[in-house]
Amino acid sequence: MKRLATSILLAAWTLALAVPATSLWVPAADAQQVVEIDYTTGRTIDDEWRAMRPGFVAVDWERSILHVLDAEEPEGIMAFSLETGEWLRTVSTPLGEGPQEFTQGHKSVAIGPNGGLFVAGFVRIIEYSPQGVPVNTWTPEVPVPRKVCNFGSSPAVPTQGGVVLRGSDGTSIPVGPVRARGRNIAPGDDFTTARETPRIANIACTDDVAYVLVPRTAGEPSSLFAYHLDGKTETLVVPAEDARRRSACMFAEERRRDGSLIRPERPCPHWSLGARLSLDERGNVVVLSTDTNTLGAVIDPVSGCYALIRGTHEHPHALVGVHADSVLVFRRPFEVTEEGGDTFLSISNTANGVSLHPLRHVSGELCPGMLLDGRSVGETNQGVGETTTRSRSRGAGARRAADALADV
């Protein structure tokens, strides 16, 4: 029997709360807070045989199921119970040109209706039943449909100037001021950015709002747009500051040996560059970064109040979601070495451990209704041991986890 030793969580953490309809917001709020991950408590389980991709994961909190891409199944999505660690099924996502196959492989996944899945590739979106059976195929009229979300029980993908939603008859319905003409980008001053938007934009949806995060260059925060089914379009503000208030970061200019300029001095990328976009169970927008100083932000789309998640170099892991007052972490193996007086940090791009840790209030004014209002760990962490449980999988090439975990 397959068991995922890397992703077992307590039932108390998997609250089945519905995501409320989200209002739109324009101005920024003054009250902000800074939080950090409390790695001293929570649940941590490691499995040396796992190689999970932090960028390809979908968590069904309502049903306590983790869907993830692992090296064990390169043409499939593995589903595990968050409560018991049991392997539930593997959804087949074969590479190919057929109507139920993925050209150049699958690129993203989202939870669909009733616990099913929407899986996106370069050409088509395939919908799977809760049992992992393909039930629908859609080819959206967008340049490159790499990201997908559940927009009111239908798949939707970002495009230039908005999103495209699958209609009941399989057509592509634009939401927002969509400028792309099917698979072609509309010309204009923003052509370069627009051309890249479908490829690099991230998306997360409620029943009536699609949020799209578009990275910017030159150290600027990413742009966060909200496209409403009733036609409203708004821009939300991604926090510009760093959680550690570090001094301005600049890349030095680069020159050739003859002195000619290759690249001028430029700002370091903003922490939101390449960030992952999701929602918590309250409808707050969650932007999770790969930056080591600022790991992300939780933004209230109604009030504009936000919480910055402060990072630490001692834990260079990947954050994949926020639930209640805690963050789900994919733990990546890393190694610190020294050479010639310099210290180097090597981090794997895959994870062999999963953990759930509470977020602790550090400073600033609390955002009402966010992260359980910053209450202490003890109030929401009942029954969670502070020790780390480790389990190693055994078996010839099977990557199967050990039979059971230690006592909860």
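Analyst: Helices (H or I, at least four residues) and strands (E, at least two) are DSSP runs, numbered from the N terminus. This is a predicted model, where local features need pLDDT of at least 70, side-chain atom pairs count only at pLDDT 80 or more, and totals for chains, interfaces and linings use all residues. Residues are numbered from 1 along each chain as its sequence is written, and side-chain values use heavy atoms, with hydrogens and water left out.

User: In which strand is the place of Leu 345?

Analyst: The protein chain has 2 helices and 32 strands. Leu 345 lies in strand S30.

User: Is Leu 345 buried, partly exposed or exposed?

Analyst: Buried means under 20% relative accessible area, exposed over 50%, partly exposed in between (1.4 Å probe, protein chains only). Leu 345 has 37% relative accessibility, so this residue counts as partly exposed.

User: What percentage of the residues of the protein chain count as buried?

Analyst: The same cut-off of under 20% applies. The chain has 408 residues, and the buried share is 52%.

User: In what order do the 4 strands of the open sheet stand?

Analyst: Two strands pair if DSSP finds at least two bridges between them. The pairing in this sheet is antiparallel, and the order is S3-S4-S5-S6.

User: Which strands stand at the edges?

Analyst: An edge strand here has a single partner strand, so one side is left without a neighbour in the sheet. The edges are strand S3 (52–60) and strand S6 (87–92).

User: Which residue in S6 stands opposite Ile 77?

Analyst: Strand S5 (residues 76–81) runs antiparallel to S6, joined by 5 bridges. Opposite Ile 77 stands Val 91.
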